[in-house]
Amino acid sequence: MFKYLFIFFIFMKVTLYSDKITKARVDTLVVPVFEQESKNSHLSSLGAQYQKELTRALKAKEFSAKFGELFKISTLGKFPFSNILLIGLGKKKDLDSEQLRRAAAKSHKTVKAMKATKYLSLLTTACDHPLN
């Protein structure tokens, strides 16, 4: 089972989370998306409507998953978290540890600006190969 980063803003506490993401008691879920990725396993696991929203946003060119690009989806109260923040990671072959660090910093800054006190980041799941 994956370990996810569970972040509390109050004291900047970082905790590993290993339960189902649908049970996460956080304000925002951060989901990584690669360019030219037509399907996202995290969104699919939440429900077909979230995968459809990604597909719609990609087709409408509202979101392209270029590195650092952000797109917010509301869960409309279906989960304990109210928002899903998609963060573009660019091309999968170009991902390295520096880009992952920058993506984490950008998503953290954005979630903080959204006034969230806790969020769950799935960025650690973006790597299926050793990073440089």
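This is a predicted model: local features need pLDDT of at least 70, side-chain atom pairs count only at pLDDT 80 or more; totals for chains, interfaces and linings use all residues.

Visitor: Why is strand β5 said to be largely enclosed by the rest of the structure?

Guide: Buried means under 20% relative accessible area. Six of the six residues of β5 (residues 83-88) are buried, so the strand is largely enclosed.

Visitor: How do you know which faces of β5 are covered?

Guide: In a regular strand, side chains alternate between the two faces of the sheet. Asn83, Leu85 and Ile87 are buried on one side, and Ile84, Leu86 and Gly88 are buried on the other, so by the cut-off of under 20% both faces are covered.

Visitor: What makes β3 and β4 partners of β5?

Guide: Two strands pair if there are at least two bridges between them. Strand β3 (residues 28-33) runs parallel to β5 and is joined to it by six bridges; Val31 stands opposite Leu86. Strand β4 (residues 70-74) is antiparallel to β5, with five bridges, and Lys72 has Leu85 as its bridge partner.

Visitor: Which residues have the most contacts inside the largest nonpolar core?

Guide: They are Leu46, Ile84 and Leu86, in a core of 22 residues. Elements supplying at least two residues each to this core include α1 (41-46), α2 (48-59) and β5. A second, separate core has 13 residues, among them Ile87 and Val111.

Visitor: What lines the largest pocket?

Guide: Its lining divides into four nonpolar, four polar and four charged residues. Among the residues nearest its centre are Glu37 and His42, and its volume is about 170 Å³.

Notes: Residues are numbered from 1 along each chain as its sequence is written. Side-chain values use heavy atoms; hydrogens and water are left out. Buried means under 20% relative accessible area, exposed over 50%, partly exposed in between (1.4 Å probe, protein chains only). Helices (H or I, at least four residues) and strands (E, at least two) are DSSP runs, numbered from the N terminus. On a 1 Å grid over the protein atoms alone, a cavity is a set of points where a 1.4 Å probe fits but cannot get out, and a pocket is an open set with protein on both sides within 12 Å along at least five of seven lines; lining residues have an atom within 4 Å of a point. Grid points are joined across faces, edges and corners, and a volume is the space filled by probe spheres set on the points. Ala, Val, Leu, Ile, Met, Phe, Trp, Tyr, Cys and Pro count as nonpolar, Asp, Glu, Lys and Arg as charged, and the others, Gly among them, as polar. A nonpolar core is a set of buried Ala, Val, Leu, Ile, Met, Phe, Trp, Tyr and Cys residues joined through side-chain atoms within 4.5 Å.
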